[in-house]
Amino acid sequence: MINIKYVKNFKFSIILSVFLMAAGVVGLVLLPFGVSLFNLSIDFLGGTLMQYDLHTTMDTEKLGEISRMVEDITGESPTVQRSGDTGVMIKTVDIDTDTREAVQRALEAKYTVTLLTSENVSASVGADLRDSAIMSVIIASVLMLVYIAIRFEFKSGLAAVLGLIHDVLIMLSVYVIFQIPVDINIIATMLCILAYSINASIVLFDRIRENRRYMPKTEFAEIVDTSTNQTITRNINTTITTLLVLGMIIILGVQSIRDFAIPLAVGLAAGSFSSLFIVGPIWSSFRGKTKEKA
Amino acid sequence: MKKSVLLFMAVLVGIALIALISVYGVDLVAFEIPSYKDGIILGLDLVGGSSITYEADVPAGMPQSEIDAGMLSAEAMLRSRLTAFGYTEAILTRAGSNRIMVSIPKITNPEEAVKMLGSTARLEFRDADENLIMYGSDVKSAKVSIGSVGDNAISQPYVSMEINPDSYEKFRLATKEAAQKASEGKNYIAIYLDNELQSSPTVEAGFAANGLDPTQGVSITVGGSSEQAKNLAALISIGQMPFDLKQVELRAVGSILGEKALETSIMAGAIGLALVLVFMLVVYRLPGLMADLALLAYAAIMVMLLSAFRVNLTLPGIAGIILTIGMAVDANIIIFARFKEEMRLGKTIRAAVDAGYRRALSAIIDSNITTIIAAVILLMFGTGPIQGFAITLIIGIALSMFTVLVISRFLLNRMVDMNVTNPKLYGV
């Protein structure tokens, strides 16, 4: 039988969490000051992103040459990066269709060009996408909180939401550290993590609710520990099965789906961690050392 | 006992049948499910293609009703251009009040499409000998009405146009001439968009001779439905579209990348699923096997539903499906963990199975409802691919609850009925 004292050891879990959240927190705090540690994609800023396979090994010299060429056409300095062995990724400000065509023509004059992706987002669309992203995450979180508050109690809902914020911050750390492009898919990633983490917390809450009926004279902290130990196998097994599938995607998938799967996998693991080591102890500390009344 | 074996087999046959349907499709009277190849529409990120969003460059202060009318014309224009260029699989979607998204699968040169679709329209009215009568810009407005036209007493849908005074006389003469050429079959006015013939409404003798007052407008009758009249009115209105279309968003995926994305996702999904099946079997033994069968049922029904509803499957959509596989397994894990505990308390297998399902129910329902809340919000506020993700997530959650609470439970109970009660088989 597993017997871990989650509430007593809360300080150790929180130290680990703070460490994992650090990059995400710093990234978020700096954002309003115009410093972006995130690799913000054109989805939110507006701009043009073109990826071509040029069927020849890309080196620094060729990339520099392409960069100068694009700057001549657009009048602004672009970001030019290697993509795969023979591909190039060109990121510029929002340019119109004639300019985009001119860039492609110029590449075609020197290389065999295969279009991989071309994306163009104007500033107004970018702002709309950003607003709808923020909006949906806030509304979803509030509604989930309301649901939990109704089904359990408000303090537990609050603890669960703190757990969610914890998971999202860890996910953001992944975006910062691995420089994964922050694009529109981050909404799906984030809501998935929220839902998964809430799932795990609810299974725990459900157990606590049940145990309180059977153990009326026990301290709440102890009930939390017992309940967490009773649900830890489920928690870990579920995370393993989901990570098995996500892991295959990360190993086999193309870049765009990997960019989606990596933060998701880490976020889900964080959700599993927070529902074991963070949420229960927080709920317990909100309640103080009250004994359950029969 | 014998009955249990039969029921158990029946469910297995049922699952196999659904799997066959999802692969080959079924077509009975009033019941048709296409095979997965025909039914599932692959998103542009999987087959390659472009989605182009145009925004109406609306002049400040234009009333919403006028914008709406203009947007209808813009859609009519885009649709006829898409058809003219052979992009028959293209889909038009209105986004917000002043944006239109055009999704064109398998197009190789997105920039060409951007220019071709978005250029200013040239609408012309010509007579039967292709002589220019007037331009679309000479029409002030065109709308659908219902009533009797000319000498014809029957009430029918028609399009009435208000024409600028300068061009009215030209148009009146042209229709009059056309009406007289009925014997040669030249009694029509041809409407061209970008030099492509779009419509050639007949001119009735009585109507042409009417000599209507310019301020009262001119009407064109079209045989048939009000739908046809509406299309004609929208077409004619292209000439006076009160704004230009500006491309504000473009997402193009080359076909090579799209194919690779699809291939690798299917591969990853299949291997991932296989790993989960093995995991469940190893950890939970016999109940795990029942969960595996339920999971296979889940996969088969999922493919069938995606085909039946002709879901537009995108890359995030696939991610959504893969995630719900995890959730389908999760419910089983919650139940089995519960079941093992009950067994340890010394209950019989049958009582433990019952208690496992009963006590896990509230946790499963609560956790799935919160996920559905998140998915519905995504569906409401998200765009394109995000909505695809939300749809597969919602279908997946509903389906996972069904396969777990109905199918795997039923199968496990039949096992118990068959007196398969060796605790070792249940991993205890």
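These legends walk through several close-up views of a predicted two-chain model. Residues are numbered from 1 along each chain as its sequence is written, while chains are lettered from A and ligands numbered from 1 in the order in which they are written. Because this is a predicted model, local features need pLDDT of at least 70 and side-chain atom pairs count only at pLDDT 80 or more, whereas totals for chains, interfaces and linings use all residues.

**View 1. Chain B as a whole.** Chain B holds twelve helices and 15 strands; these are DSSP runs numbered from the N terminus, with at least four residues of H or I for a helix and at least two of E for a strand. Its C-alpha trace spans about 100 × 45 × 40 Å along the principal axes. Of the 428 residues of chain B, 49% count as buried. Buried means that 20 or more other C-beta atoms lie within 10 Å of a residue's own, exposed means 12 or fewer, and partly exposed falls in between, with C-beta atoms placed from the backbone.

**View 2. The domains of chain B.** Here the domain assignment, which is automatic or from a database, gives domain 1 (2–43 + 254–426), domain 2 (47–120 + 244–252) and domain 3 (123–240). Between the C-alpha centres of domain 1 and domain 3 of chain B there are 58 Å.

**View 3. Where chain B touches chain A.** In this view, 55 residues of chain B are in contact with 55 residues of chain A, a contact being two residues whose C-beta atoms, placed from the backbone, lie within 7 Å. On the chain B side, α9(B) gives the most, with 14 residues. By class, that side has 35 nonpolar, 13 polar and seven charged residues. Ala, Val, Leu, Ile, Met, Phe, Trp, Tyr, Cys and Pro count as nonpolar, Asp, Glu, Lys and Arg as charged, and the others, Gly among them, as polar.

View 4. Strand β5 (residues 114–121) of chain A runs antiparallel to β14(B), with five bridges between them; strands pair if DSSP finds at least two bridges. Look for Asn120(A), whose bridge partner in β14(B) is Leu250(B).

**View 5. Helix α5 of chain A.** Among the buried residues of α5(A) are Val125(A), Leu129(A), Met144(A) and Ile148(A).

**View 6. Two loop residues of chain B.** Glu130(B) sits in the loop between β7 (123–126) and β8 (132–135), and its phi is positive, about 65°, although it is not a glycine. Glu130(B) is exposed because it has 10 other C-beta atoms within 10 Å. Arg310(B), in the loop between α9 and β15 (312–313) of chain B, also has a positive phi, near 45°. With 12 other C-beta atoms within 10 Å, Arg310(B) is exposed.
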